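Please look over the sequence and the model below before reading on.

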Amino acid sequence: MPVFLCGAAAFAAGSHPGALSGGRTQATRVTQTTPPAATPKPDATPQTPVSTKPIPAVSPPITSASPLPSPVRSPQPMASPIATPFVGPTLPVAPLNPGITPTVPPVSLANAANQTTNPLTLDDALRLANAQASAFQQAGLNEKIAAEDVKQAQAAFLPRVSVATDYIYTSPLIGGTPGTPREPSFIANNAINEYQALLNLAGDIDLSGKLRATLAKNRALLVAAHAGTEVARRALAQAVVESYYALALASAQRRAAEQNLAAAEEFEHVTSLLLSGGEVAPVDLTRAQLQTTERRDELEKARANEAVAAGSLRVLVGYDFLTAIATTDLAKAIPVDDEITRLTADMISSRPEFAQFEAQRQAAAHEVRIARAERLPQLSYSLNGGFDTDSMRPSILKQHSGVSAAFNLSIPIFDWGASRSRERQAHLREEIAESQRALALRGFAEQFYSARAQVASAGARIRLAATGMTLAENNLNASIARYRSGEAQVIEVTDAETTLVAQRQAFYQALFDYQVALARLRQAAGR
């Protein structure tokens, strides 16, 4: 085993055989006969093998805490997974500084062949989602319907205008007196030929208050519909935010999986070269192949997750499933220190749901008035102007022209309790609206405090993960240095790599959880 460490270290040194101390002939022999490549397969399976080639970090690059000698930093014909310290991301340590903007390439699409250089921003996603067919659009249509109900209730106060033209023919009276004008055979008719043309104005006089109660009810329902539209808009915005950041997280995980697979394949190739040179045992190549297989499996899972997340966002923003879609980098969504303090529990009462409940309660109260008005007298009128004549000659037509007015007073006596039943229904609807408001108040308060706790927890996890990434990078650099000097085995390096990958994943997951919880907190606070 000491011979393996010497050979691997010299191999990692590449074209600088003199970089390692001690005249190890085996190391010199390997350096001269074998192309520069990576060290043998570690005993543990790392999630992110290291390479001398700059690996695009999932998060912003950071400066190594313990820089290595310059020969290791020089470009090599073939990368070595453990010859150069892992270049990890630099992340803010508590307290977070909102002024720091990480420089990370934009998150790519689910389909790498259809990448776009213009990632979709969250504001653009919200704007596009509002224009698509959704519950928000349906709520807007319901609001328009309620507005038309108000117009109809207002029109009920005005007279209805109509024009009626008639021609009535009645057979002559049979057996009439000779020499007298012919009379119609039916006594109810006025003439054998009767011509009518009347302009009619008809309407109701609101003695019982039914028309006024109906108008007030429809106005309350319009307010409720408007509040419902706002509720639907906020629900849609919450769904867009969650889908947006879900795609950002899935894209970051897929990108990291691609890097891990590339490093694993290179590591497997280097191990194969070392095996052909007699430097490692066959089991090391088997371990490298198993590592590559695992990395491929992780990449396939990451691609599937990204495709699902991209499809969900496409549905919301109205993109075709063949259209490329990308989000901005998740690492740029750094929390701001005072975001939580600006949202207080007093803001819960400003949620549009409470306006909707109050408007529904008022509408139910007006329904009570409508039901009571049905038991009161109803007054209506009808005004006619025109002619009703038996001849269209001007002289006769003028004689039979004029106006008429009719008033009708309807007094209800007994309706078998139907109006009282409708009144009780209206009272029950009013109680339901009050109960829903009380229940919603408790539920919204629970949502607010739960979301605030989740935001605080995610913010703390971001700070812990940022600190952990720095420590993990220092640990990896130290492990690599110990391995190069022969003081540690490969498994120590692979464990350090696994720890760094886990810390990076924890950081991105914490960023995702923070943004989602913050959106829920804003919604709970009525913002």
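Is Phe-407 buried or exposed? Phe-407 counts as exposed, because its relative accessibility is 60%, where exposed means over 50% relative accessible area, buried under 20% and partly exposed in between, with a 1.4 Å probe and protein chains only. The model is predicted, so local features need pLDDT of at least 70 and side-chain atom pairs count only at pLDDT 80 or more, while totals for chains, interfaces and linings use all residues. Residues are numbered from 1 along each chain as its sequence is written, and side-chain values use heavy atoms, with hydrogens and water left out.

**Nonpolar surface patch**

- Phe-407 lies in strand 4, where strands (E, at least two residues) and helices (H or I, at least four) are DSSP runs numbered from the N terminus.
- A nonpolar patch on the surface, with about 1,100 Å² of accessible area together, includes Phe-407, Leu-409, Ile-411 and Trp-416 among its members.
- Such patches are made of residues with over 30% relative accessible area and no salt bridge, nonpolar side chains (Val, Leu, Ile, Met, Phe, Trp, Tyr) being joined within 5 Å and like charges within 9 Å; the accessible areas come from the Shrake-Rupley method with a 1.4 Å probe, and for residues only the protein chains shown count as cover.
- Trp-416 is placed in the loop between strand 4 and helix 10, and Trp-416 is exposed, with a relative accessible area of 77%.
- Trp-416 also has a positive phi of about 60°, although it is not a glycine.

- Four strands form an open sheet in the order 1-2-3-4 with antiparallel pairing, two strands being paired if DSSP finds at least two bridges between them.
- The edges of this sheet are strand 1 (160-169) and strand 4 (401-410), each of which pairs on one side only.
- From one strand to the next the twist averages 20°, with axes taken as lines fitted to C-alpha atoms (for helices over the stretch in contact) and angles running from 0 to 180 degrees between N-to-C directions.
- Strand 1 and strand 2 (residues 193-205) run antiparallel and are joined by 10 bridges, and Ile-168 stands opposite Glu-194 in strand 2.

**Helix 7 and its charged residues**

- Helix 7 has 36 residues, which should span 52 Å at 1.5 Å a residue, and its end C-alpha atoms are 53 Å apart, which agrees; the expected span is 1.5 Å times one less than the number of residues.
- Just after helix 7, Gly-318 takes a positive phi of about 85°.
- Arg-295 forms a salt bridge with Glu-298, with the closest N and O atoms 2.7 Å apart; a salt bridge is a side-chain nitrogen of Lys or Arg within 4 Å of a carboxyl oxygen of Asp or Glu.
- Arg-295 and Glu-298 are three residues apart in helix 7 (residues 282-317), so about one helical turn separates them.
- The side chain of Arg-295 also meets that of Glu-294 in a salt bridge (3.3 Å, N to O).
- Arg-295 counts as buried at 0% relative accessibility, whereas Glu-294 is partly exposed at 35% and Glu-298 is partly exposed at 26%.

**Other salt bridges**

- The count of salt bridges comes to 22.
- Arg-422 and Glu-374 meet through their side chains in a salt bridge (2.6 Å, N to O).
- Arg-422 lies in helix 10 (residues 418-484) and Glu-374 in the loop between helix 8 (352-373) and strand 3 (378-389), so the pair ties together parts that are 48 residues apart in sequence.
- Lys-217, Glu-367 and Arg-429 are linked in a network of salt bridges.
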